[in-house]
Amino acid sequence: MKIAVLPGDGIGPEIVAQAVKVIKAMNIGAQMQEAPIGGAGYEAAGDPLPEATLKLAKESDAVLLGAVGDWKYDTLPRDKRPERGLLRIRKELNLFANLRPAVLYPELASASTLKPEVVSGLDIMIVRELTGDIYFGQPRGISTLENGEREGINTMRYNESEIRRIGRVAFDIAMKRNKKVCSVDKANVLETTELWRQVMIELSKDYPEVELTHMYVDNAAMQLVRAPKQFDVMVTGNIFGDILSDEASMLTGSIGMLPSASLDENNKGMYEPSHGSAPDIAGKNIANPLATILSVSMMLRYTFNMAAEADRIEKAVGKVLANGVRTADIYTEGTAKVSCSEMGDAVVAAL
Ligand code: NAD
């Protein structure tokens, strides 16, 4: 098990250090090697994705990433900015499937802006296609028409094989969960997503145990805040997934708790918290490392096929929360406020 560890910027190094502690405590014989990315890559090699970092990521079975970005890099040319390193590594590794769970531990139900009974025990997996759709489709651009008026163009497009491969990821995950897939589209208006729906229906024949339903994206956005517990796995294209996964993450109220995975066709993956580099709290040892620690659990589950070990990490996190241990972002009166590194230690102790 070779893991490339890319801490990145801001709180990245602090939270990744806690995840590394957890990996070591698991005693699973993982080999880890660190390399800079984002602003740290720019500082080290003048490039947000240094050649050596990319090489290490390509040679590894999985990548553990902290976060990239800092306000001080906002004035750099676009291709030198930290975020560019992230987009490039996703593309270079062909990570087309983005998995974003929205899980609300019952102990944190009061952190949500929704009523506790609506969200308590929530467990949704959003599977978002990451390399196609209107974000990448050609033609695109801003041009000037003959009458001198400017026009902006983007193109929504998906071919069958792109839809089928993301669909397969969603159905396979559903088989390991509650065997329900809700495919989100706008088939009443957009032909691209009419094809999306047809391919999902064809694919579902290979998964007779999985219940496939369809929902228009506007309704899905509404249902996510009305009755989110109706969902198990949701699968959708790049732009709808971008919006819905952020909406779903906020149901849980605490961005510091949410992991994510991006996978290629062989289940090699990059694992990272859903949040950014939080420069406002960097270097203070107060960030919540649980999203990064839970990203390790996803890594064990999806890349290394170690479900029991993944469960062990999730149970340890649950135990720590049940014991009332909280970082500042999820702190409520009557619980014990701890630092980032103390939270890491608490998870290791619970393991
Ligand atoms: P952010 O997610 O970094 O922070 C938003 C808010 O949430 C901040 O108040 C921050 O303190 C808080 N927060 C985030 N993670 C936390 C944690 N683990 N524990 C406690 N509090 C936490 O988003 P932003 O402020 O919009 O962006 C800051 C930088 O991060 C920017 O440079 C942006 O480009 C970058 N960014 C990177 C990624 C990534 O690396 N995947 C994602 C989003 C934003």
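The model is predicted, and local features are described at pLDDT of at least 70, side-chain atom pairs count only at pLDDT 80 or more, while totals for chains, interfaces and linings use all residues. Residues are numbered from 1 along each chain as its sequence is written, and side-chain values use heavy atoms, with hydrogens and water left out.

## The ligand and its surroundings

The ligand is surrounded by 20 residues, of which Val68, Glu83, Gly276, Ala278 and Asn288 are the closest; a residue is near the ligand if one of its heavy atoms lies within 4 Å of it. Sorted by class, this shell holds 9 nonpolar, 6 polar and 5 charged residues, where Ala, Val, Leu, Ile, Met, Phe, Trp, Tyr, Cys and Pro count as nonpolar, Asp, Glu, Lys and Arg as charged, and the others, Gly among them, as polar.

Some polar contacts can be named, a polar contact being a pair of N or O atoms within 3.5 Å; within protein, one atom must be able to donate a hydrogen and the other to accept it, and residues adjacent in sequence count only if both atoms are side-chain atoms. An oxygen atom of the ligand lies 2.7 Å from a polar backbone atom of glycine 276, and an oxygen atom of the ligand lies 2.9 Å from a backbone N or O atom of valine 68. The side chain of glutamate 272 has an N or O atom 3.4 Å from a nitrogen atom of the ligand. On its own the ligand has 800 Å² of accessible area, and the protein covers 68% of this; such areas come from the Shrake-Rupley method with a 1.4 Å probe, and for residues only the protein chains shown count as cover.

## Helix H12

Helices (H or I, at least four residues) and strands (E, at least two) are DSSP runs, numbered from the N terminus. Helix H12 spans residues 340-350, and within this helix Cys340, Met343, Gly344, Ala346 and Val347 are buried, where buried means under 20% relative accessible area, exposed over 50%, and partly exposed in between (1.4 Å probe, protein chains only).

## Aspartate 232

Aspartate 232 sits in the loop between helix H8 (217-226) and strand E10 (233-236), and this residue is buried, with a relative accessible area of 3%. Its side chain reaches two backbone nitrogens, that of asparagine 178 at 3.0 Å and that of lysine 179 at 3.3 Å. When neighbours within four places in sequence are left aside, the residues in contact with aspartate 232 are Asp123, Ile124, Met125, Arg177, Asn178, Lys179 and Lys180.

## Pairs separated along the chain

The table lists pairs of residues with their separation in sequence and their C-alpha distance.

| Pair | Separation along the chain | C-alpha distance |
|---|---|---|
| Alanine 30 and lysine 2 | 28 residues | 6.1 Å |
| Alanine 291 and serine 260 | 31 residues | 8.2 Å |
| Arginine 312 and alanine 350 | 38 residues | 9.4 Å |

## Backbone features in loops

Glutamine 138 and proline 139 are joined by a cis peptide bond with omega of about -5°, and proline 139 lies in the loop between strand E5 (123-129) and strand E6 (141-144). Aspartate 133, in the loop between E5 and E6, has a positive phi of about 75° although it is not a glycine, and aspartate 133 is buried at 3% relative accessible area. Asparagine 285, in the loop between strand E12 (269-273) and H10, has a positive phi of about 55°, although it is not a glycine, and asparagine 285 counts as partly exposed at 29% relative accessibility.

Terms used
Contact = heavy atoms within 4.5 Å.
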